[in-house]
Amino acid sequence: MNVKRILILGLDAVEYDLVEEWDLKNLKQKEYGKTTLPIYAGEEPNTRIIWPCFICGCMPKDMGYVTSKVFPKPIQYFANTFSPIIKSTFNPQSDMPEDITVRQENVKLKAIMKFYEIFKKLNMARNPKREDIKASTMFDDDPRRISLHIPVYNEWLPDIAFKTIEAIEDKTYRSIFNINLLNEFKNKSNEVFNWLDKKDKWDLFMNYFWFLDGVQHVYFNNPKKIAKYYIMADEFIKKLNDRLDDDTMLLIVSDHGQKKGIHTTHGFYSVNKKLGLKNPKLIDFRKTIEELLQK
Ligand SMILES: [Zn+2]
């Protein structure tokens, strides 16, 4: 297999089971499957933790933070050290939704969360930023490796992501929300095509898309609406694959799936080449990518 460059699409919240159910051939590419996510037992995957873990190729603790908020130093140390241990001790299984019940009944865990809440309320907890990612990433220090919009690493989340609750609660706001979802998709897919035209300038390129997470949160009980957006993604991938050279690998990854508005604990991946992977860990892709690029 001759791979000269790798193009990655980070598609937030692609649900493996829906790709299968709707048989979205372009999303599936030549090889596809579920991935194992970098979460500790009993945890719900968090977008702001999983993507940095993907580009670093390691678990949250080694990446830099394990909670979606970053706390002052001694507290963050406590969170990084103890919260994965406590969570895995009290929630040995990671399947949802049983875990949610287990978690709710878990007094000790609740106490810890309360503790975190206090810091959040005191405004002592803040959103993670690039400096909080302590591990190296597959994009560091190489001008031929381009990353766009990766949560926390390149930017926070797209503005529209902060309107999700408003769109869930207020139906009249949804038409604006939809337009913004479509705009995010259009702008970012145009970016991909523009960089494809400059393919002599990079070996590794990644763009991140949020829209599928948004539509699944707001329209969790409207599969037809969700299907429309999945089909839109599927058609984009067809167009993209038609324009790729044989020596360009297209890797699609998600940070979790989503059912009924709740993040599921498996991810999705697909490739336009046969890699022969079986249930790969999301954090193992960094190694695979760097090995392919070194050849
Ligand atoms: Zn996500």
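How do the axes of helix α9 and helix α10 come together, and at what angle do they cross? The views below take up this question in a predicted model, in which local features need pLDDT of at least 70, side-chain atom pairs count only at pLDDT 80 or more, and totals for chains, interfaces and linings use all residues. Residues are numbered from 1 along each chain as its sequence is written.

**View 1. The crossing of α9 and α10.** The axes of α9 (residues 174–197) and α10 (residues 211–218) come within 9 Å and cross at roughly 160°, where axes are lines fitted to C-alpha atoms over the stretch in contact, and angles run from 0 to 180 degrees between N-to-C directions. That makes α9 roughly antiparallel to α10, a label for angles over 145 degrees.

**View 2. Residues between α9 and α10.** From α9, Arg-174, Phe-177, Leu-181, Glu-184 and Phe-185 meet Phe-211, Gly-214, Val-215 and Val-218 of α10, contact being counted if C-beta atoms, placed from the backbone, lie within 7 Å. The residues of this contact divide into six nonpolar, one polar and two charged, with Ala, Val, Leu, Ile, Met, Phe, Trp, Tyr, Cys and Pro counted as nonpolar, Asp, Glu, Lys and Arg as charged, and the others, Gly among them, as polar.

**View 3. The surrounding protein.** The protein has twelve helices and eight strands, which are DSSP runs (helices H or I, at least four residues; strands E, at least two) numbered from the N terminus. Its C-alpha atoms fill a box of roughly 55 × 45 × 35 Å, taken along the principal axes. Residues 24 or more positions apart account for 72% of the contacts with a separation of 6 or more.

Terms used: Angles under 35 degrees count as roughly parallel, over 145 as roughly antiparallel, 65 to 115 as roughly perpendicular and the rest as oblique. Two residues are in contact if their C-beta atoms, placed from the backbone, lie within 7 Å.
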